[in-house]
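Dear colleague,

I am handing over the structure we spoke about, and I would be glad if you could look through it before reading my notes. Please keep it open beside the text.

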Amino acid sequence: KQLQNKVAIITGSGSGIGKATALLFAKEGAKVTISDINEEAGKKVVEEIQQNGGEAIFVKANTAIAEDSKHLVAETIKAFGALHIAVNNAGVGSAFSKVADIDLADWQRVIDINLNGVFYGMKYQIPEMIKAKGGSIINIASILGQVAFQGAAAYVASKHAVVGLTKTGALDHALDNIRVNAIGPGFIYTGLVNETTMGKEAILALEQKHALHRLGNPEEVAAMCLFLASDTASFVTGSYYPVDGGYLAM
Ligand code: NAD
C-alpha cells in the first residue's frame, strides 16, 4: 500500500474527483478526512470507506471561509494526530457570460471558492506538515488553468491563479520538505459536468475537444493524485500535470 500510515485531507470529497480520490487513498492505507459543504454526501463517502475496512472521518467545511479551513485541519489533527497530504479539490463553475456582463456576485463566489479556498487550505495545512517533517499538497486546477474558455472568465482566472499559487507555495516550502503540485483535469464526468448540467449537445462537442474523443472519469484524475501524494513522486514539486485526454495538445 502506497499511503500506509499517512493522513490526508480532501476537500469537496462528497462527490466527483474528490470522492474518487478519497476512496483510492483509503484503499492505499491512508486515514482520510472527507470534507464538503454537502454533509449528507460526505458522510456517505465515510461509510463507504469504513465498509471497505478503511479509516475516515467527516468534517463539514466551506473552503471559502478561512475559519472553516482552519477548523478542518484542527479536527484532522484531533482525530489522526498528524497531517501529511492535502488535496485542495473543492471548486465550482462560473455562470456563462462575456467579461463585460459578468455578475459581480458570481465573480466573487468563484474566486472565493476556487482561489481563496485553495489558499486558506494551504495556509493552515502547511504548519502541520512542517510539524510532520514533510508533506504533499495537490491543488486541483483545470486545463482552464492553462488555456482560456469563452464565457468562463471567472473560472479560467481562478484556475490560472491556482497554478501560480501552487508554484509559489512549492518554492516557499521546498526546504520544509513539502511538495506542492497542481493537476489540470480535462472535462471529467462529474456533478459539475454531465448531460443534465450542460446539455447533450454541449457534452458531445466537448468530447471532440479531447484527442481521445471522450470525457475523463474521476478515477483517472484520482490516479494522478495518488502518484503526487506518494513517495514515488519524491522529486516532483512546483509542477502542473494535465490529465486531459490530449485536450491541451490539440
Ligand atoms: P463535483 O461538483 O462533482 O464535486 C465538487 C464537490 O465540492 C461537491 O461535493 C461540492 O459539494 C463541494 N463543494 C463545492 N463548493 C464547496 C465549498 N465552498 N467548500 C467545500 N466543498 C465545496 O465537481 P468535480 O468535477 O469533482 O470538481 C472537483 C474539482 O475539479 C473542482 O475544483 C473543479 O473545478 C475541478 N475540475 C473539474 C473538471 C470537470 O470537468 N469535472 C475539470 C477540471 C477541473
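Below are the notes, going from the whole chain to the ligand and then to a few elements.

Please bear in mind that this is a predicted model, in which local features need pLDDT of at least 70 and side-chain atom pairs count only at pLDDT 80 or more, while totals for chains, interfaces and linings use all residues. Residues are numbered from 1 along each chain as its sequence is written.

The chain has eight helices and seven strands, where helices (H or I, at least four residues) and strands (E, at least two) are DSSP runs numbered from the N terminus. Its radius of gyration is 17 Å, close to the 18 Å that the globule rule gives for 250 residues, so the chain is as compact as a globular protein of that length; the radius is taken over C-alpha atoms, and the rule is 2.2 Å times the number of residues to the power 0.38. Along the principal axes, the C-alpha atoms fill a box of roughly 45 × 35 × 35 Å. Of the 250 residues, 48% are buried, a residue being buried if 20 or more other C-beta atoms lie within 10 Å of its own, exposed if 12 or fewer, and partly exposed in between, with C-beta atoms placed from the backbone.

Around the ligand there are 29 residues, and the closest are Gly 12, Gly 16, Gly 91, Thr 190 and Gly 191; a residue is taken as near if its C-beta atom, placed from the backbone, lies within 6 Å of the molecule. By class, this shell has 13 nonpolar, 15 polar and one charged residues, with Ala, Val, Leu, Ile, Met, Phe, Trp, Tyr, Cys and Pro counted as nonpolar, Asp, Glu, Lys and Arg as charged, and the others, Gly among them, as polar. Helix H1 (16–27) and helix H4 (104–131) each supply at least two residues of the shell, and H1 gives the most, with three.

H1 has 12 residues and reaches 17 Å from its first C-alpha to its last, close to the 16 Å expected at 1.5 Å a residue, the expected span being 1.5 Å times one less than the number of residues. Because 11 of its 12 residues are buried, H1 is largely enclosed by the rest of the structure; among the buried ones are Gly 16, Lys 19 and Phe 25.

H1 is followed by Gly 29, whose phi is positive, near 100°, and which sits in the loop between H1 and strand S2 (31–36). With 14 C-beta neighbours inside 10 Å, Gly 29 counts as partly exposed. Leaving aside neighbours within four places in sequence, Gly 29 is in contact with Lys 1, Leu 3 and Gln 4, contact meaning that two C-beta atoms, placed from the backbone, lie within 7 Å.

In S2, six of six residues are buried: Lys 31, Thr 33 and Ser 35 point one way, and Val 32, Ile 34 and Asp 36 the other way. Strand S1 (residues 7–11) pairs with S2 in the parallel sense over five bridges, where pairing requires that DSSP finds at least two bridges between the strands, and Ile 9 has Thr 33 as its bridge partner in S2.

Finally, the buried residues of helix H8 (residues 218–229), including Val 221 and Leu 226, pack against several elements, among them S1 and H1.

With best wishes
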